[in-house]
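Please look through the sequence and the model below before reading my points.

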Amino acid sequence: MGALQSLPAQPEYIDLAQKTGFSFEQIAILHKRFKQLSRDEETLRRENFSQIPDLACNPIRTQIIEAFFDKRNYHQNDVGMVEEIGFKEFLVVMSHFRPPSHRMTEEQRENVRTEKLRFLFNMHDTDNDGTITLEEYRHVVEELLSRSGALGKETAKGIADAAMLEVASISVGHMEPDEFYEGITFEHFLKLLKGFEIESRMNIRFLNMDTSTLCK
Amino acid sequence: MAVFLRRSSSRAAVTIGVLLLTTSFFIPGASSDNRDAARGGSNGTRGGPGQVLQVEKEQRNSSVHQETHTNSSADHKKPFPVLSFNYDHVRTPFEISLWILLALLMKLGFHIIPRVSHVVPESCLLIVVGLLVGGIIKAIGEKAPVLGYELFFFYLLPPIILDAGYFLPTRHFMDNIGTILVFAVVGTLWNAFFVGGMMYGVCQIEGAQLATVDLLSCLLFGSIVSAVDPVAVLAVFEEIHINELLHILVFGESLLNDAVTVVLYHLFEEFSHAGTVTVVDAFLGVVCFFVVSLGGILFGAIYGLLGAFTSRFTSHTRVIEPLFVFLYSYMAYLSAEVFHLSGIMSLIACGVVMRPYVEANISHKSYTTIKYFLKMWSSVSETLIFIFLGVSTVAGPHAWNWTFVVFTVLVCLVSRVLGVIGLTFLINKFRIVKLTKKDQFIVAYGGLRGAIAFSLGFLVTDSQMKNMFLTAIITVIFFTVFVQGMTIRPLVELLAVKKKKESKRSINEEIHTQFLDHLLTGIEDICGHYGHHHWKDKMNRFNKTYVKRWLIAGERSTEPQLISFYNKLEMKQAIMQVESGSSAKLPTPESSVSMQNVQPKEPVRQRAIPSISKSREQEIRKMLRANLQKTRQRLRSYSRHDLLIEPFEDHVSEARLRKQRAEMGRRMSHYLTVPANRQEVPSVRKVCFEPEHQVFTYDTECPNIQTSRPPDTVRLLTESHQRTNQSAELQELSAKETDIEDQQKVSRCFSDPGPKSDQDRDGSSTS
C-alpha cells in the first residue's frame, strides 16, 4: 500500500483519467493487474485471459474475452477484432463498468445508460451487422445454458424464440404474416431494456484498494 | 342510489359487528348473574342458567326434607329439558371467533367505502374502530382483552413475519444487506441511546415531577420505543407502492432490528434489577447481541433445511405439504424464543432458506394453498393487532404526563432524522448506487412504531413508571401511524419518488439478468477483485452442485434457473388462456407477430418426405380423438387422497372447453412451435412433462399420454407438419396435436404441476 501511494501521477495517467473517468489510484491498480496478466509484457492476448482460473467456469467467458478485443468498444468508431490489446484499450473496456457519478444530470445518466447498453449489444452482435439476429440470440441463450448439457440446447432454442417474439411484439407491434422481423436493432434493444436500470446494475466496485495480492 | 346503498351496507356491517361484540359481553354478564343465583340454591352445581334447571333446584330444595326416594321420584316426573342455555363452556372460542369476525367485517366495510380508504391507511381506521369498541366495552363496565405479551408474540406476530419472510425479495435484500444491517443495528442503537439519554435529561428538568425516573429506566424506555415496527411498516408501505429499493431498506431494517431490540431490552431489564453496570456487563451485552442474532438465524436455517428435506418426500401425500411449511417455521420461531434468541430473525431465515427448495418440490396446489393461507393469516393478524391496540388504549391504566409524552414524540422524531442522515453519509461511501436526499427522507419518514413496542412496554415490571411509559409509547405509535401514515402517500406523490415497476418479468429481462450476473462475475475475475458477484457466483455453484441434489426431488434438481423461469411463464400463459376463455390475450397482446415473422425465410427445399396416405391420416385422427376422450375420463375421478381434478371441469361446458382448447392450441402452435421449415420436434414442451407426470399417471390404459410417447406418432405428426404450411388439413392436424399436448398441459396444470410464479409480493427466486 505504501509503494502505491508514492507513485507520482504520470502524464499518461492524466490522459487516461480524463478519457475514462477513473481516478489515479484506480488506474494504478488496474495497471498492476494488467502487468500481472500479461506477464510484464506490453500487450495482452487471448491466452492471457484464458489462464485466469476463476474465469474457466464462467459460461460466457468466450464472449467476455472477445469483448476486450472488439474495436467497437474502444470508442473510436472503428470496427473489427484485434489480436492483442494494450493497457489503454484494457482500461477503456473496463470503464464501461464504472458506476455513474453521484452528481450527474439526467442527460449524462442517459448517456451512461446508452453506453452500457451499447457494450451489451456489441457482445451479442458478433457479426457486427448492427442487428442481433435470431441465430445470434439463440447462441447467447445456449451459452447461458451451456452447463446443462443436451437438455439445455433444445430448450435454449425455444427460449430464444419466445424472447425474440417478445422483442418483435414490443418494438414493432403489428406485423402482417408475410412481413419479416430482421433482428434486434440497437433502438429496439434500448426500448427492450428500458426498465432494466442498467446504469445501477452493470457496475463493478473499483475500490481504492490494492487487490492484486488476493487472487491470481 | 347505488352509492347510498353501498354506504348504508357498510354502515350496516360496522353496526352489526359492534352489536355482535357488545352482545357477547352482555351474555356473560347475564350468565354470571344466573350462575350466582343457582349457586345460592345448590352447592357446586356447574353449568349455566336455565329456567328449567333453576326450577329443578328449587324443587329439590323444597323437598330436601322428604325421603330420598320421593326425591328421586320427583326427579323422574320432571319434563326432559328440550332447550337449555349454557354459554360458559363455549365462552372462550365463541369470543375469539367473534373478535375475528368483527375484525374481518370492519375490513370488509372499509373497502366498500372507496373514498376513505384512499386517504386514510387501513391501519388508522382499524385503530379507530378499536378505540370505539374499547370505549363501548368500558362503558358497559366489562374488562376488555388486552394485547398482552403471549397473545401478541406467540399468536398474532408469527403469521405476519412468516408471510414477510417467505415472500421476501431475496435478491434485492441481499444486494442491500450491508445498508440494511447498518440501519438496523447501528441505527437502532443510536436511537435507543439518544432517546434514553435525552429523556433522562428531560426528567431532570425541575417541575416535571419526573425525578424518580432513573437513567436505566430511561434507557429501557428508549430501547422499547426506538425500534421500527415491521407490522406498521408493512401496513402503510403496502399501499403506497414505492420502488423496491426503499421498500426493502425500511422493511429489512424493521425485521433485522428485532435482534437489537431483544438484546437491549433484556440488557437494560437485567441492569435495572442489578443496579450497577460494569464494563464486563457491557462486553457481555455485545457478545449477547451476536449470539442472539446469529443463533436465531442458525435455528431458522436448520429448520428451513429440515423443511426442505421433508418436502422432498411428499410427492404421495400432497395434501399435507403446506402444513410442513407452516409447522417447521413456527417451530423455528418457538425454539428461538426458548433460548431468548431473536424469533423474528429465525422465522425469516427459515422462510428464506426453505422457499426455493420447497417450491421446486411441492405441487402447484400446495403452493397456492401456502400463499393464500399465509396471506389470510397475516391479514387477520394485522387487523386484530390494530384493533387490539385501539382497545388497549382505552382500557389500560394511563398516567398522562405532558412533559414526558411531548418530549418523547419530539425526541423520537429528531433521533430518527439525525440517525438516518448520519448513517447515510457513512453508507454512501460504500454504496455504488448512492441514496439521494429523497430516499433519505422516505427512509426517515417511514420509521413507524407499532405494536411490538406496545407489547414490550407491557412487560415492564415497575408499575408506576409502566403506566407512564405505556402512555408515551401509545402516543408515539398513534403519532407515527396516524400522522406519518396518512401523510406519506401525498408526500410520495409530491416528491415524485420512484414508484414500483408494474411490468411483469419478461423472458428478455430474465435472460439479461442472468447474462449480466455472469458478465460482472467475469469482469471481477479479470480485475482480480473478489467482490460481491464473485461470492454470489460461488454460492450459486455450491448450491447447485451439493445442496440442490439433497433437497430437491427428482430431476428438478438439475434444472437451471432460466429453464424453470421459462416453464413457469409457459404455464402461466396456459392457465391464463384457459381460465379466461377464448377472449384471453397472451402476454403479447396487441401484436399479430408470430414465429413466421421472426424466423428467417429459407428457400423451400425439395425434400423427400414420405407422404401420408389418407387411411393413415384417418388412423392418426382417431388416435388423437381417443386420447382426448381418455384424458377427460381420467379427470373425473376425485378423492381426498388423490387430489386429481377437478371441479373446474364440471363447471365448464364441453363445447366451450373444446373451443377454448382449439383456440389455445392455435395460438400456442404459433408462439411456441418452431415452424415448418426446420426438422425439429416441438421439444419445448418436453421439458414440462417429466416431474409432474409421476403424480398424475394412475392408469396405464393410455400409453400415449405418458412421457415415453410412441415415437412413430410424433415423427409422423412432425413430418406431416413439415409438408406444407398452408394446407387446411395440416393446420387442423397441428391444432389437434397441440390441442392434445396443451390439453394435457392444461390438465396437468390443474392437477399437480410445478409452482407458478407469483405476481404481487414475492421477488425473484434466488439466483
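1. A salt bridge here is a side-chain nitrogen of Lys or Arg within 4 Å of a carboxyl oxygen of Asp or Glu. Arg355(B) and Glu359(B) form such a bridge, with their closest N and O atoms 2.9 Å apart. The two residues stand four places apart in helix H15 (residues 343–361) of chain B, which means that about one helical turn separates them; helices are DSSP runs (H or I, at least four residues), numbered from the N terminus. Arg355(B) is buried at a relative accessible area of 9%, and Glu359(B) is buried at 10%, where buried means under 20% relative accessible area, exposed over 50%, and partly exposed in between (1.4 Å probe, protein chains only).

2. Please keep in mind that this is a predicted model, in which local features need pLDDT of at least 70 and side-chain atom pairs count only at pLDDT 80 or more, while totals for chains, interfaces and linings use all residues. Residues are numbered from 1 along each chain as its sequence is written, chains are lettered from A and ligands numbered from 1 in the order in which they are written, and side-chain values use heavy atoms, with hydrogens and water left out.

3. The pLDDT, the predictor's confidence in each residue from 0 to 100, averages 77 in chain A, where 85% of the residues score at least 70. Over residues 1–8 of chain A the pLDDT stays under 50. Where pLDDT is low, the predicted coordinates should not be read in detail.

4. Which residue is the salt-bridge partner of Arg46(A)? The partner is Glu83(A), at 3.5 Å from N to O. This pair links distant parts of the chain, 37 residues apart, with Arg46(A) in helix H4 (residues 46–50) of chain A and Glu83(A) in the loop between helix H5 (61–68) and helix H6 (87–94) of chain A. Arg46(A) is buried, with a relative accessible area of 19%, whereas Glu83(A) is exposed, with 58%.

5. In helix H7 of chain A, Arg113(A) and Glu110(A) lie three residues apart, about one turn of the helix, and their side chains meet in a salt bridge of 3.2 Å, N to O. Arg113(A) is buried at 16% relative accessible area, while Glu110(A) counts as partly exposed at 37%.

Terms used. Contact = heavy atoms within 4.5 Å.
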